[in-house]
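The sequence and the model come first, and the description follows.

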Amino acid sequence: MNGVDRAASPTTTEDTPNAPGWVESSLDAILAGLPVAADKLAPLRASYLDCLAGCGRTQDLDAEHDACRKAFLGSLTSVLDLSAPDQRALEQKLEKLELDISSNI
């Protein structure tokens with residue numbers, strides 16, 4: 001059997017963009033205090049992380065992050081009733097996370 005005859009095997013190269021691991025742990029810390037069941041939060045969290053990972057490295061990275069955050073907050077308000085001050089505090093924490101992402105690219 002030569003190398004051509006072997007079946008293809010998976011590699012360590014990712015097929016889709018991924019956010020760095022520290023982003024996930026930082027987001028988890030931000031979301032830890034929210035009064036929502038983990039099963040309801042998990043798909044919203046995953047969608048937000050996917051959106052962040054898909055943001056390009058363009059001059060308009062901030063606009064892409066803004067769109068991800070707004071979509072996440074919109075989805076989150078469908079499962080959680082946050083007061084306006086609590087929603088703004090959460091938004092500010094997410095903005096800080098996105099700023100950290102931008103500065104580490």
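R69 and E91 are both buried. The two residues form a salt bridge, with their closest N and O atoms 3.8 Å apart. This pair links distant parts of the chain: R69 belongs to helix α3 and E91 to helix α4, and 22 residues separate them. Side chains of opposite charge can pair when their charged atoms come close. The model is a predicted one, and every value here is computed from it.

## Overall layout

The protein chain has four helices and zero strands. Read from the N terminus, the order of elements is α-α-α-α. Of its 105 residues, 29% are buried. Among contacts with a separation of 6 or more, 65% are between residues 24 or more positions apart. The chain exposes about 7000 Å², and 51% of that area comes from carbon and sulfur atoms.

## The nonpolar core

The largest nonpolar core contains 25 residues, and L31, L34, Y48, L76, L90 and L94 have the most contacts inside it. Two or more residues of this core come from each of α1 (21-31), α2 (38-54), α3 (61-77) and α4 (84-103). The helix that gives the most is α2, with six residues.

What does Y48 touch, leaving out residues up to four places away in sequence? Its partners are L27, C68, R69, F72, L94, L97 and E98.

## Salt bridges

The structure holds nine salt bridges. Three of them are listed here.

| Pair | Closest N and O atoms |
|---|---|
| R88 and E95 | 3.5 Å |
| D100 and K96 | 2.8 Å |

R88 has a relative accessible area of 37%, so it counts as partly exposed. E95, at 29%, is partly exposed as well.

D100 and K96 lie four residues apart in helix α4, about one turn of the helix. D100 is partly exposed because its relative accessibility is 23%, and K96 is partly exposed because its value is 46%. Through shared partners, salt bridges join D66, R69, R88, E91, E95 and E98 into one network.

How values were computed: Residues are numbered from 1 along each chain as its sequence is written. This is a predicted model: local features need pLDDT of at least 70, side-chain atom pairs count only at pLDDT 80 or more; totals for chains, interfaces and linings use all residues. Side-chain values use heavy atoms; hydrogens and water are left out. Buried means under 20% relative accessible area, exposed over 50%, partly exposed in between (1.4 Å probe, protein chains only). Contact means heavy atoms within 4.5 Å. Accessible areas come from the Shrake-Rupley method with a 1.4 Å probe; for residues, only the protein chains shown count as cover. A nonpolar core is a set of buried Ala, Val, Leu, Ile, Met, Phe, Trp, Tyr and Cys residues joined through side-chain atoms within 4.5 Å. A salt bridge is a side-chain nitrogen of Lys or Arg within 4 Å of a carboxyl oxygen of Asp or Glu.
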